[in-house]
Amino acid sequence: MPNLIRILFISAALFSQAAHAAEALPASDDPALERRVTAIAEELRCLVCQNQTIAESHAPLAIDLKNQIRDQVKGGASEAEVKDYMVKRYGDFVLYRPPLKGITLLLWFGPFTLLLAGFAFLFIYLRQRRKTQQEEAPLDDEQRARARQILDSGAKPE
Amino acid sequence: MKARYLIPLAIFIGLLVLLGVGLKLNPREVPSPFIGKPAPAFTLPELHRPEVSFSQKEMLGKVWMLNVWASWCEACREEHETLVAFSKTGVVPLLGLNYKDERKDGLGWLNQFGNPYQRSLFDHEGLVGIDYGVYGVPETFIIDKQGVIRYKQIGIITPELLRDKIVPLLRELEASA
(Lines give C-alpha, C1' and ligand atoms only; values in the text may rest on other atoms or scores of the structure.)
Protein backbone atom coordinates (compact mmCIF):
# COMPACT_ATOMS: atom_id res chain seq x y z
CA MET A 1 0.00 0.00 0.00
CA PRO A 2 2.74 2.54 0.85
CA ASN A 3 4.28 1.65 -2.51
CA LEU A 4 1.13 2.59 -4.32
CA ILE A 5 1.04 5.94 -2.54
CA ARG A 6 4.65 6.53 -3.44
CA ILE A 7 3.98 5.81 -7.09
CA LEU A 8 1.04 8.17 -7.02
CA PHE A 9 3.19 10.91 -5.53
CA ILE A 10 5.99 10.44 -8.03
CA SER A 11 3.66 10.44 -10.98
CA ALA A 12 1.91 13.54 -9.67
CA ALA A 13 5.27 15.27 -9.36
CA LEU A 14 6.30 14.25 -12.86
CA PHE A 15 2.99 15.35 -14.26
CA SER A 16 3.12 18.77 -12.66
CA GLN A 17 6.62 19.25 -14.06
CA ALA A 18 5.45 18.34 -17.50
CA ALA A 19 2.55 20.76 -17.17
CA HIS A 20 4.92 23.47 -16.06
CA ALA A 21 7.20 22.89 -19.04
CA ALA A 22 4.24 23.14 -21.39
CA GLU A 23 3.33 26.55 -20.01
CA ALA A 24 6.66 28.09 -20.92
CA LEU A 25 6.40 27.64 -24.65
CA PRO A 26 8.92 29.67 -26.58
CA ALA A 27 7.33 32.59 -28.35
CA SER A 28 9.51 32.44 -31.45
CA ASP A 29 10.64 29.66 -33.77
CA ASP A 30 14.32 30.46 -33.45
CA PRO A 31 15.70 28.28 -30.63
CA ALA A 32 19.05 30.11 -30.54
CA LEU A 33 17.29 33.44 -30.06
CA GLU A 34 15.05 31.97 -27.37
CA ARG A 35 18.08 30.57 -25.54
CA ARG A 36 19.70 34.01 -25.47
CA VAL A 37 16.47 35.68 -24.37
CA THR A 38 16.03 33.14 -21.58
CA ALA A 39 19.67 33.48 -20.51
CA ILE A 40 19.23 37.23 -20.12
CA ALA A 41 15.79 36.92 -18.53
CA GLU A 42 17.24 34.56 -15.91
CA GLU A 43 19.55 37.33 -14.74
CA LEU A 44 16.70 39.78 -14.16
CA ARG A 45 14.32 40.01 -11.26
CA CYS A 46 10.61 40.21 -11.86
CA LEU A 47 9.40 43.26 -9.96
CA VAL A 48 5.88 42.00 -9.49
CA CYS A 49 6.80 38.70 -7.82
CA GLN A 50 10.17 39.60 -6.48
CA ASN A 51 11.60 36.17 -5.82
CA GLN A 52 11.28 35.03 -9.38
CA THR A 53 13.31 35.84 -12.43
CA ILE A 54 11.68 37.36 -15.48
CA ALA A 55 12.28 34.02 -17.20
CA GLU A 56 10.27 32.10 -14.58
CA SER A 57 7.51 34.56 -13.91
CA HIS A 58 4.14 34.52 -15.63
CA ALA A 59 3.21 37.99 -14.42
CA PRO A 60 1.99 40.19 -17.30
CA LEU A 61 4.84 42.64 -16.74
CA ALA A 62 7.42 39.83 -16.87
CA ILE A 63 5.93 38.64 -20.16
CA ASP A 64 6.07 42.20 -21.54
CA LEU A 65 9.67 42.54 -20.45
CA LYS A 66 10.56 39.19 -21.99
CA ASN A 67 9.09 40.50 -25.25
CA GLN A 68 11.18 43.64 -24.86
CA ILE A 69 14.31 41.53 -24.39
CA ARG A 70 13.41 39.47 -27.46
CA ASP A 71 12.86 42.56 -29.61
CA GLN A 72 16.13 44.07 -28.48
CA VAL A 73 18.15 40.89 -28.99
CA LYS A 74 16.59 40.56 -32.45
CA GLY A 75 17.67 44.13 -33.10
CA GLY A 76 21.24 43.17 -32.27
CA ALA A 77 21.49 44.37 -28.67
CA SER A 78 24.11 42.76 -26.47
CA GLU A 79 23.33 41.32 -23.04
CA ALA A 80 24.97 44.36 -21.40
CA GLU A 81 22.77 46.71 -23.44
CA VAL A 82 19.59 44.89 -22.47
CA LYS A 83 20.58 44.92 -18.79
CA ASP A 84 21.40 48.59 -19.04
CA TYR A 85 17.93 49.23 -20.48
CA MET A 86 16.35 47.45 -17.50
CA VAL A 87 18.55 49.15 -14.89
CA LYS A 88 17.63 52.55 -16.33
CA ARG A 89 13.99 51.78 -15.68
CA TYR A 90 13.95 49.68 -12.54
CA GLY A 91 17.31 50.37 -10.89
CA ASP A 92 20.02 47.93 -9.82
CA PHE A 93 17.33 46.00 -8.01
CA VAL A 94 16.40 44.14 -11.22
CA LEU A 95 19.82 42.57 -11.41
CA TYR A 96 20.17 39.28 -9.59
CA ARG A 97 23.90 39.97 -9.41
CA PRO A 98 24.16 43.45 -7.95
CA PRO A 99 27.02 45.57 -9.29
CA LEU A 100 30.00 46.32 -7.09
CA LYS A 101 29.81 49.90 -5.93
CA GLY A 102 29.89 52.02 -2.78
CA ILE A 103 26.41 51.19 -1.60
CA THR A 104 26.77 47.45 -2.20
CA LEU A 105 30.21 47.03 -0.57
CA LEU A 106 28.66 45.66 2.62
CA LEU A 107 26.53 43.27 0.59
CA TRP A 108 29.53 41.90 -1.29
CA PHE A 109 32.14 41.84 1.45
CA GLY A 110 30.04 41.68 4.64
CA PRO A 111 29.95 37.85 4.75
CA PHE A 112 33.71 37.57 4.16
CA THR A 113 34.36 40.18 6.83
CA LEU A 114 32.21 38.21 9.27
CA LEU A 115 34.06 35.01 8.37
CA LEU A 116 37.45 36.66 8.95
CA ALA A 117 36.24 38.12 12.22
CA GLY A 118 35.15 34.63 13.26
CA PHE A 119 38.55 33.19 12.44
CA ALA A 120 40.29 36.03 14.29
CA PHE A 121 38.12 35.40 17.34
CA LEU A 122 38.81 31.66 17.22
CA PHE A 123 42.56 32.23 16.86
CA ILE A 124 42.76 34.66 19.76
CA TYR A 125 40.55 32.48 21.93
CA LEU A 126 42.60 29.34 21.32
CA ARG A 127 45.89 31.13 21.92
CA GLN A 128 44.64 32.56 25.17
CA ARG A 129 43.38 29.21 26.35
CA ARG A 130 46.72 27.58 25.63
CA LYS A 131 48.48 30.34 27.54
CA THR A 132 46.30 29.97 30.63
CA GLN A 133 46.80 26.21 30.53
CA GLN A 134 50.56 26.62 30.41
CA GLU A 135 50.53 29.19 33.13
CA GLU A 136 48.87 26.87 35.60
CA ALA A 137 51.67 26.07 38.04
CA PRO A 138 52.53 22.40 38.50
CA LEU A 139 51.66 20.98 41.93
CA ASP A 140 54.16 21.21 44.71
CA ASP A 141 55.00 18.18 46.86
CA GLU A 142 52.50 18.96 49.55
CA GLN A 143 49.60 19.34 47.07
CA ARG A 144 50.66 16.17 45.31
CA ALA A 145 50.56 14.21 48.56
CA ARG A 146 47.12 15.57 49.38
CA ALA A 147 45.81 14.70 45.94
CA ARG A 148 47.19 11.21 46.33
CA GLN A 149 45.44 10.90 49.66
CA ILE A 150 42.11 11.99 48.24
CA LEU A 151 42.41 9.67 45.27
CA ASP A 152 43.37 6.72 47.46
CA SER A 153 40.54 7.26 49.88
CA GLY A 154 38.13 7.63 46.95
CA ALA A 155 39.42 4.40 45.38
CA LYS A 156 38.27 2.36 48.36
CA PRO A 157 34.61 3.03 48.80
CA GLU A 158 33.17 1.75 52.04
CA MET B 1 34.43 39.57 34.57
CA LYS B 2 30.67 39.86 34.85
CA ALA B 3 30.61 41.85 31.64
CA ARG B 4 31.53 38.70 29.74
CA TYR B 5 28.08 37.30 30.29
CA LEU B 6 26.57 40.43 28.85
CA ILE B 7 28.26 39.93 25.49
CA PRO B 8 25.78 37.33 24.15
CA LEU B 9 22.94 39.50 25.40
CA ALA B 10 24.38 42.52 23.59
CA ILE B 11 24.77 40.50 20.39
CA PHE B 12 21.21 39.23 20.76
CA ILE B 13 19.81 42.74 21.20
CA GLY B 14 21.86 43.96 18.23
CA LEU B 15 20.42 41.17 16.09
CA LEU B 16 16.91 41.94 17.32
CA VAL B 17 17.27 45.61 16.32
CA LEU B 18 18.67 44.66 12.90
CA LEU B 19 15.83 42.22 12.20
CA GLY B 20 13.26 44.64 13.57
CA VAL B 21 14.40 47.37 11.20
CA GLY B 22 14.45 44.83 8.37
CA LEU B 23 10.83 43.94 9.07
CA LYS B 24 9.77 47.56 8.78
CA LEU B 25 11.37 48.05 5.38
CA ASN B 26 9.07 47.53 2.44
CA PRO B 27 10.75 45.35 -0.19
CA ARG B 28 8.27 46.63 -2.78
CA GLU B 29 9.66 50.12 -2.53
CA VAL B 30 12.38 49.86 -5.07
CA PRO B 31 14.43 53.05 -5.19
CA SER B 32 13.45 54.64 -8.45
CA PRO B 33 16.27 55.52 -10.82
CA PHE B 34 14.01 58.21 -12.32
CA ILE B 35 14.16 60.82 -9.58
CA GLY B 36 16.01 63.86 -10.89
CA LYS B 37 15.93 62.58 -14.47
CA PRO B 38 13.89 63.99 -17.36
CA ALA B 39 10.52 62.28 -17.76
CA PRO B 40 10.84 59.78 -20.64
CA ALA B 41 9.38 61.12 -23.88
CA PHE B 42 6.20 59.53 -25.18
CA THR B 43 3.25 60.12 -27.43
CA LEU B 44 -0.05 58.42 -26.67
CA PRO B 45 -3.65 58.74 -27.75
CA GLU B 46 -6.16 60.10 -25.28
CA LEU B 47 -8.51 57.68 -23.61
CA HIS B 48 -11.63 59.67 -24.46
CA ARG B 49 -10.55 60.86 -27.90
CA PRO B 50 -8.43 58.20 -29.66
CA GLU B 51 -7.68 60.61 -32.50
CA VAL B 52 -6.04 63.18 -30.20
CA SER B 53 -2.48 62.43 -29.26
CA PHE B 54 -0.62 63.72 -26.26
CA SER B 55 3.08 64.19 -25.69
CA GLN B 56 4.68 64.88 -22.33
CA LYS B 57 6.28 67.97 -23.94
CA GLU B 58 2.91 69.74 -23.81
CA MET B 59 3.27 70.00 -20.04
CA LEU B 60 6.66 71.74 -20.07
CA GLY B 61 6.56 74.86 -17.93
CA LYS B 62 4.01 73.35 -15.55
CA VAL B 63 4.28 71.24 -12.45
CA TRP B 64 2.05 68.22 -12.98
CA MET B 65 1.17 64.79 -11.70
CA LEU B 66 0.91 61.64 -13.75
CA ASN B 67 -1.13 58.87 -12.14
CA VAL B 68 -0.81 55.38 -13.62
CA TRP B 69 -3.92 53.30 -13.13
CA ALA B 70 -6.04 50.51 -14.60
CA SER B 71 -9.60 49.30 -14.23
CA TRP B 72 -8.31 45.85 -13.19
CA CYS B 73 -6.28 47.36 -10.37
CA GLU B 74 -8.05 47.03 -7.03
CA ALA B 75 -5.72 49.37 -5.17
CA CYS B 76 -6.52 52.08 -7.76
CA ARG B 77 -10.13 51.93 -6.67
CA GLU B 78 -8.95 52.56 -3.14
CA GLU B 79 -7.02 55.71 -3.98
CA HIS B 80 -9.58 57.01 -6.47
CA GLU B 81 -11.64 59.03 -4.02
CA THR B 82 -8.52 60.79 -2.78
CA LEU B 83 -7.60 61.69 -6.35
CA VAL B 84 -11.07 63.00 -7.12
CA ALA B 85 -10.92 65.21 -4.03
CA PHE B 86 -7.40 66.34 -4.91
CA SER B 87 -8.36 67.26 -8.47
CA LYS B 88 -11.04 69.60 -7.13
CA THR B 89 -8.44 71.59 -5.18
CA GLY B 90 -6.74 72.38 -8.49
CA VAL B 91 -3.24 72.59 -7.01
CA VAL B 92 -1.63 71.17 -10.14
CA PRO B 93 -2.96 69.39 -13.22
CA LEU B 94 -3.45 65.67 -12.68
CA LEU B 95 -3.13 63.46 -15.75
CA GLY B 96 -4.08 59.80 -15.89
CA LEU B 97 -2.25 57.03 -17.68
CA ASN B 98 -4.63 54.16 -18.27
CA TYR B 99 -2.18 51.27 -18.21
CA LYS B 100 -2.63 47.90 -19.96
CA ASP B 101 -6.36 48.31 -19.99
CA GLU B 102 -9.21 48.05 -22.48
CA ARG B 103 -10.59 51.37 -23.63
CA LYS B 104 -14.18 50.56 -22.74
CA ASP B 105 -13.17 49.30 -19.27
CA GLY B 106 -11.16 52.43 -18.57
CA LEU B 107 -13.95 54.72 -19.76
CA GLY B 108 -16.55 52.75 -17.83
CA TRP B 109 -14.52 53.07 -14.65
CA LEU B 110 -14.21 56.84 -15.01
CA ASN B 111 -17.94 57.18 -15.70
CA GLN B 112 -18.79 55.12 -12.68
CA PHE B 113 -16.36 56.49 -10.10
CA GLY B 114 -15.74 60.01 -11.39
CA ASN B 115 -12.93 61.42 -13.48
CA PRO B 116 -10.20 63.28 -11.58
CA TYR B 117 -7.97 63.62 -14.63
CA GLN B 118 -7.51 66.74 -16.70
CA ARG B 119 -6.49 64.45 -19.53
CA SER B 120 -6.38 60.66 -19.74
CA LEU B 121 -3.81 58.87 -21.85
CA PHE B 122 -4.26 55.36 -23.10
CA ASP B 123 -1.32 52.94 -22.85
CA HIS B 124 -2.90 49.74 -24.08
CA GLU B 125 0.34 47.77 -24.56
CA GLY B 126 1.96 49.13 -21.42
CA LEU B 127 5.04 50.28 -23.34
CA VAL B 128 5.04 53.78 -21.85
CA GLY B 129 4.62 52.05 -18.51
CA ILE B 130 7.84 50.15 -19.16
CA ASP B 131 9.64 53.36 -20.09
CA TYR B 132 8.52 54.84 -16.79
CA GLY B 133 9.57 51.75 -14.85
CA VAL B 134 6.02 51.02 -13.74
CA TYR B 135 5.74 47.64 -12.02
CA GLY B 136 2.84 47.98 -9.62
CA VAL B 137 -0.10 50.20 -10.31
CA PRO B 138 -1.09 52.62 -8.98
CA GLU B 139 2.04 54.69 -9.37
CA THR B 140 2.23 58.46 -9.43
CA PHE B 141 4.93 60.72 -10.77
CA ILE B 142 5.47 64.39 -9.97
CA ILE B 143 7.12 66.24 -12.82
CA ASP B 144 8.47 69.77 -12.50
CA LYS B 145 8.41 72.73 -14.89
CA GLN B 146 11.61 71.57 -16.59
CA GLY B 147 10.07 68.17 -17.25
CA VAL B 148 12.16 66.45 -14.59
CA ILE B 149 10.67 63.71 -12.40
CA ARG B 150 10.91 64.86 -8.79
CA TYR B 151 8.95 62.22 -6.95
CA LYS B 152 7.49 58.81 -7.53
CA GLN B 153 4.82 57.21 -5.39
CA ILE B 154 4.52 53.46 -5.67
CA GLY B 155 1.18 52.29 -4.38
CA ILE B 156 -1.83 54.28 -3.34
CA ILE B 157 -1.95 57.96 -2.49
CA THR B 158 -3.59 58.56 0.86
CA PRO B 159 -4.99 61.88 2.11
CA GLU B 160 -2.19 61.92 4.73
CA LEU B 161 0.49 61.44 2.09
CA LEU B 162 -1.04 64.23 0.02
CA ARG B 163 -1.15 66.58 2.96
CA ASP B 164 2.26 65.81 4.45
CA LYS B 165 4.41 65.18 1.44
CA ILE B 166 2.90 65.69 -1.97
CA VAL B 167 1.16 69.05 -1.66
CA PRO B 168 4.14 70.70 0.13
CA LEU B 169 6.43 69.40 -2.60
CA LEU B 170 4.07 70.64 -5.33
CA ARG B 171 3.95 74.10 -3.76
CA GLU B 172 7.71 74.20 -3.48
CA LEU B 173 8.07 73.21 -7.14
CA GLU B 174 5.43 75.74 -8.17
CA ALA B 175 7.29 78.49 -6.35
CA SER B 176 10.60 77.72 -8.03
CA ALA B 177 11.34 79.05 -11.47
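Which residue in E7(B) is the bridge partner of Phe141(B)? The partner is Lys152(B), and the rest of this report sets that pair in its surroundings.

## About the model

This is a predicted model, in which local features need pLDDT of at least 70, side-chain atom pairs count only at pLDDT 80 or more, and totals for chains, interfaces and linings use all residues. Residues are numbered from 1 along each chain as its sequence is written, chains are lettered from A and ligands numbered from 1 in the order in which they are written, and side-chain values use heavy atoms, leaving out hydrogens and water.

## The sheet of chain B

Let's start with the sheet. Chain B has an open sheet of five strands in the order E5-E4-E3-E6-E7, with mixed pairing. Helices (H or I, at least four residues) and strands (E, at least two) are DSSP runs, numbered from the N terminus; two strands pair if DSSP finds at least two bridges between them. Strand E5 (119-123) and strand E7 (149-154) of chain B are the edge strands, each pairing on one side only. On average, neighbouring strands of this sheet are turned by 20° against each other, direction ignored.

Strand E6 (residues 139-143) of chain B runs antiparallel to E7(B), and five bridges join the two. Helix H5 (residues 159-175) of chain B packs on the sheet, where it touches strand E3 (64-69), E6 and E7 of chain B. Contact here means heavy atoms within 4.5 Å. The direction of helix H5 makes about 165° with that of E7(B); axes are lines fitted to C-alpha atoms, for helices over the stretch in contact, and angles run from 0 to 180 degrees between N-to-C directions.

## Two loops to look at

The loop between helix H4 (127-131) and E6 of chain B holds Pro138(B). The peptide bond from Val137(B) to Pro138(B) is cis, with omega near 0°.

Now find Lys100(B), in the loop between strand E4 (94-99) and helix H3 (103-113) of chain B. Its phi is near 45°, a positive value in a residue other than glycine. Lys100(B) counts as partly exposed because its relative accessibility is 21% (buried means under 20% relative accessible area, exposed over 50%, partly exposed in between, with a 1.4 Å probe and protein chains only).

## A glance at chain A

Chain A has six helices and zero strands, giving the pattern α-α-α-α-α-α along the sequence. Of its 158 residues, 24% count as buried.
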